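Please look over the sequence and the structure shown here before reading the report.

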Amino acid sequence: MSYLLLALAIIAEIVATTFLKFSEGFTKLFPSVLSVVSYIVCYYSFSKAVTKINLGIAYATWCGAGIIVTAVISFIIFKEKLSMAGVVGIILITAGCIILNAFGSK
């Protein structure tokens, strides 16, 4: 159940961040409300997930997945470009999350 809550936190964070961009600095009502509500769901779910999951692993997974998916959304939806250094950084984040999940918990 804790990993489902972590997944919900990741999805809610991605939705919140995407609609934060659509809100144009909280000047558009619907995207602004959706962003705030999604962040509330995100933090609530994450707080429940870390009661059973190691905080370091949960946080790294949450942040890593959020960065990776948000970068892809940014590229596809907003047509924003990513430099080669950015691509390498995302690969390193992914590798770090995999290593931490595989070997980071005792």
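## Basis of the report

This is a predicted model, in which local features need pLDDT of at least 70 and side-chain atom pairs count only at pLDDT 80 or more, while totals for chains, interfaces and linings use all residues. Residues are numbered from 1 along each chain as its sequence is written, and side-chain values use heavy atoms, with hydrogens and water left out.

## Aromatic pairs

Rings of Phe, Tyr and Trp (its six-membered ring) are taken to pair if their centres lie within 6.5 Å, and planes under 30 degrees apart count as stacked, over 60 as edge-to-face and the rest as tilted. By this rule the count comes to 8 aromatic pairs. One of them joins phenylalanine 19 and phenylalanine 22, whose ring centres are 5.5 Å apart with planes at 50°, so the pair is tilted. These two residues are 3 residues apart in helix α1 (residues 2-22), and about one helical turn therefore separates phenylalanine 19 from phenylalanine 22; helices here are DSSP runs (H or I, at least four residues), numbered from the N terminus. Relative accessibility is 22% for phenylalanine 19, which counts as partly exposed, and 34% for phenylalanine 22, which also counts as partly exposed (buried means under 20% relative accessible area, exposed over 50%, and partly exposed in between, with a 1.4 Å probe and protein chains only).

The rings of phenylalanine 46 and tryptophan 62 have centres 4.4 Å apart and planes at 25°, so this pair is stacked. The pair links distant parts of the chain, with phenylalanine 46 in helix α2 (residues 29-49) and tryptophan 62 in helix α3 (residues 55-76), 16 residues apart.

## Two lysines

The charged end of lysine 21 sits over the ring of phenylalanine 78, 5.6 Å from its centre; the rule asks for NZ of Lys or CZ of Arg within 6 Å of the ring centre and within 35 degrees of the ring normal.

Lysine 79 is placed in the loop between α3 and α4 (84-103), and is exposed, with a relative accessible area of 60%. A polar atom of the lysine 79 side chain lies 3.0 Å from the backbone oxygen of isoleucine 76.

## Packing of α2 and α3

The axes of α2 and α3 are 11 Å apart, and the two helices pack at an angle of about 150°, where axes are lines fitted to C-alpha atoms over the stretch in contact and angles run from 0 to 180 degrees between N-to-C directions. That angle makes α2 roughly antiparallel to α3 (under 35 degrees counts as roughly parallel, over 145 as roughly antiparallel, 65 to 115 as roughly perpendicular and the rest as oblique).

Note on methods:
A polar contact is a pair of N or O atoms within 3.5 Å; within protein, one must be able to donate a hydrogen and the other to accept it, and residues adjacent in sequence count only if both atoms are side-chain atoms.
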